[in-house]
Structure formats: C-alpha cells, structure tokens
Amino acid sequence: MARLFKKSAEKKKSLWRRAVDLMMTDVQVLAKGVDDETLESLEEKLLASDFGVKATLRLVDHVESENRKGKVQKGADFRAALEGELRRILEPSKDAYLHAADAGPTVYLIVGVNGVGKTTSIAKLANRLVQEGRSVLVAAGDTFRAGAVEQLEMWAKRIGAQFLRGQQGGDPAAVAFDAVEAAVARNVDVVLVDTAGRLHTNRNLMEQLRKVHRVIERKIEGAPHETLMVLDATLGQNSLSQVRAFGEVVEVSGVILTKMDSSARGGIIVALQEEYGLPVKLVGTGEGVDDLQTFDVDAFAEGIFE
Ligand SMILES: Nc1nc2c(ncn2[C@@H]2O[C@H](COP(=O)(O)OP(=O)(O)O)[C@@H](O)[C@H]2O)c(=O)[nH]1
Ligand SMILES: [Mg+2]
C-alpha cells in the first residue's frame, strides 16, 4: 500500500518527549551501582508513567540482566540499557506512516470515547493534508451529540476541506455511505469520517460503529485504510480498557494520542505497542489546528532522560 503523510521536519519542540524523569535513578546508579532498590525505583517510575506492567517488567528485566553480565557500571550504561530495550519495544512504531489507497480515495475512520479529541484531530489532520495539496472530505458521522455536526463544519470551512453533513439524530452509517460515494464521484483524495464518542458500555452505539465500518468496507476495497483510535494521554491506563472495548467492534490500526501538551507523560505509547501491538501514529499537542505531530521514536527514546 502507498504511504500518505510524509514525515515532515517538526518545527516545534516536541513537548511530548517527556516520558518519565529517570534522572534520580541515574544518579543512584552512578553512586552505588544497580541494586534491588534501584530496580524497584525504576519499576515504580515506569508504572507511574503509564508504561504498563508488561513493558515495565521487560525493561526492568533487561536492565537487571545487563547488570548481571557486568555491563552496567555507570549511569550512562544504565541509560543505554534502558534506552536500547525501549527502542526495541517501539521498533514497530518506527515507520508509523498512514496507509493510503493505491488508487481512488483513501478513507480513515476515527473512533474513540467522548471528549478525547476526535473532531479536533480530524481538523488537524485535514488541515495538514490540505496544506500538502490534497483534496479532503470530512464527514460528520457524529450524529449523536448536539452541535457536533456544526463543530466539524466550522473546522472544514476554516481549513478548506469539503464537508458532508449528517442529520442530527440520523444514521451515521448513511453518512459514511454518502461520504464514500461522494469521494469517489468527486475524485477526493482523502475522506475523514468522524464518529460519535461511544461509551463503550453502550451496546447500541457500538453496534452502529460496526455498521459504519462495514459500509465503508463494502464501498471501497481495502477501506478504511486506517481506523484510528483517538486516546487522551491524560487518562493514562484507562485508555487501555477503551482500546480493548473498541477492538472488539472494529480493527484499530493505529492511535492518535492527544493532549500531550498537558502534564501527561507518554508512557502509554510504550504500553500500547507492547500490550496491543498498536503504534501511535500521530500526537496532539494543543487545541490549535497546527498542533499535530508525527510520532518520532528516536526523539521519544532520547527524551526519557530529559
Ligand atoms: N490541550 C489539548 N486539548 C485538546 C487536544 N485535542 C483536543 N483537545 C480539546 O479537547 C476537547 C474535546 O475535543 P473534541 O475534538 O471535541 O473531542 P471528541 O468528543 O472526541 O470529538 C476540546 O476542548 C479540544 O480543544 C490536544 O491535543 N491538546
Ligand atoms: Mg467530536
């Protein structure tokens, strides 16, 4: 499959580089080598930074084993051991580009619970694609929440994207159907389909989402080319239960992690990859339309000691 959305040089300093502050551990190692206390403190910090149990144990085990081989003498060795294993975990995220159709419209379905930043992320993504010279159609598939259609319409106007209106209270699958059909007819490059923030406990809404996905699948072979789950970084480990719930209904292909401009730490990125094999493809760093970055594994791995 072709690629969309080239990695561009990120101008803004990456606020989301902070993963966890490990300087204390670093200093401890310098003073007395790696002991149980150091490993325990590392474990605590990783867990507190949302790395999740699986990745945390993997990282701590690796440092411990390197230490047993006598390879961790200085703080710098400790860093290197940790950073090396972290990079291995995140290796599959390394090339986390967005897939695109070889021919015809590319369709992305955007899912997630209420308030995580789906509509805002669609606006940001649409903006970037329009600026790269592509034609974009955004479809207001959140027919559930009052004002949701207007919110997206306002963004579309500002950005210069085409807009397809859903009826408030109408069938979101019909909106998806119309959007894909219009995109084919008008030769649109990319379709972004917004959806209602389904409480994953609401069976009815989840069933609707399944239907939206099916409609897109049937209209265009290989579509949706991405089903992107939007997660709010400030929710930490709660995001993992959202991933599990949505994963039962649609096949999620990647994550847009929002609100990394807040005090949130990016450890969840590691948990998502290690526990669910899900790459973070885009990172939201503010409420503005330009506040979207591609995820950079190198910057992230280097940033954990900042
Ligand atoms: N600080 C910050 N706020 C964000 C970000 N993304 C979205 N928001 C805000 O989160 C709120 C909910 O966003 P919205 O897109 O309506 O969420 P939706 O319900 O998932 O569609 C809005 O106030 C957005 O401005 C982000 O990356 N950083
Ligand atoms: Mg919305």
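**Leu47.** I looked up Leu47 and found this residue in helix α2 (residues 36–48). Helices (H or I, at least four residues) and strands (E, at least two) are DSSP runs, numbered from the N terminus. Leu47 counts as partly exposed because 18 C-beta neighbours lie inside 10 Å. For this label I used C-beta atoms placed from the backbone: a residue is buried with 20 or more others within 10 Å, exposed with 12 or fewer, and partly exposed in between. I also checked Gln237, which is 190 residues from Leu47 along the chain, with the two C-alpha atoms separated by 9.7 Å.

**Source.** I noted that this is a predicted model, in which local features need pLDDT of at least 70 and side-chain atom pairs count only at pLDDT 80 or more, while totals for chains, interfaces and linings use all residues. Residues are numbered from 1 along each chain as its sequence is written, and chains are lettered from A and ligands numbered from 1 in the order in which they are written.

**The chain.** I found eleven helices and ten strands. Of the 306 residues, 48% count as buried. I took two residues as in contact if their C-beta atoms, placed from the backbone, lie within 7 Å. Among contacts with a separation of 6 or more, 77% come from residues 24 or more positions apart.

**Strand β3.** Which way do the side chains of β3 point? Thr106, Tyr108 and Ile110 point one way, Val107, Leu109 and Val111 the other way, and all are buried. Six of the six residues are buried, so β3 is largely enclosed by the rest of the structure. I count strands as paired if DSSP finds at least two bridges between them. Four bridges join β3 to β6 (residues 190–193), and the two run parallel. Four bridges also join β3 to β7 (residues 226–232), again parallel. Val107 stands opposite Val191 in β6, and Ile110 stands opposite Leu228 in β7.

**Ile110.** I put Ile110 in strand β3 (residues 106–111). Ile110 is buried because 25 other C-beta atoms lie within 10 Å. Beyond four places in sequence, the contacts of Ile110 include Lys118, Ile122, Leu192 and Val230. Ala196 is 86 residues from Ile110 in sequence and 9.4 Å away in space, C-alpha to C-alpha.

**Nonpolar core.** I defined a core as a set of buried Ala, Val, Leu, Ile, Met, Phe, Trp, Tyr and Cys residues joined through C-beta atoms within 7 Å. The largest has 85 residues, and Ala139, Val191 and Leu192 have the most contacts inside it. At least three residues come from each of domain 1 (16–93) and domain 2 (98–303), with bounds from an automatic or database domain assignment. Not counting residues up to four places away in sequence, Val191 touches Pro105, Leu137 and Ala179, among others.

**Ligand 1.** Which residues come nearest to ligand 1? Of the 19 around it, they are Gly117, Lys118, Thr119, Thr120 and Gly284. Here near means a C-beta atom, placed from the backbone, within 6 Å. Helix α5 (residues 118–131) gives the largest share of this shell, three residues.

**Backbone.** I found a cis peptide bond from Ala223 to Pro224, with omega near -10°. Pro224 is in the loop between α8 (203–219) and β7. Asp50, in the loop between α2 and α3 (52–68), has a positive phi near 70°. Asp50 counts as buried because it has 26 C-beta neighbours inside 10 Å.
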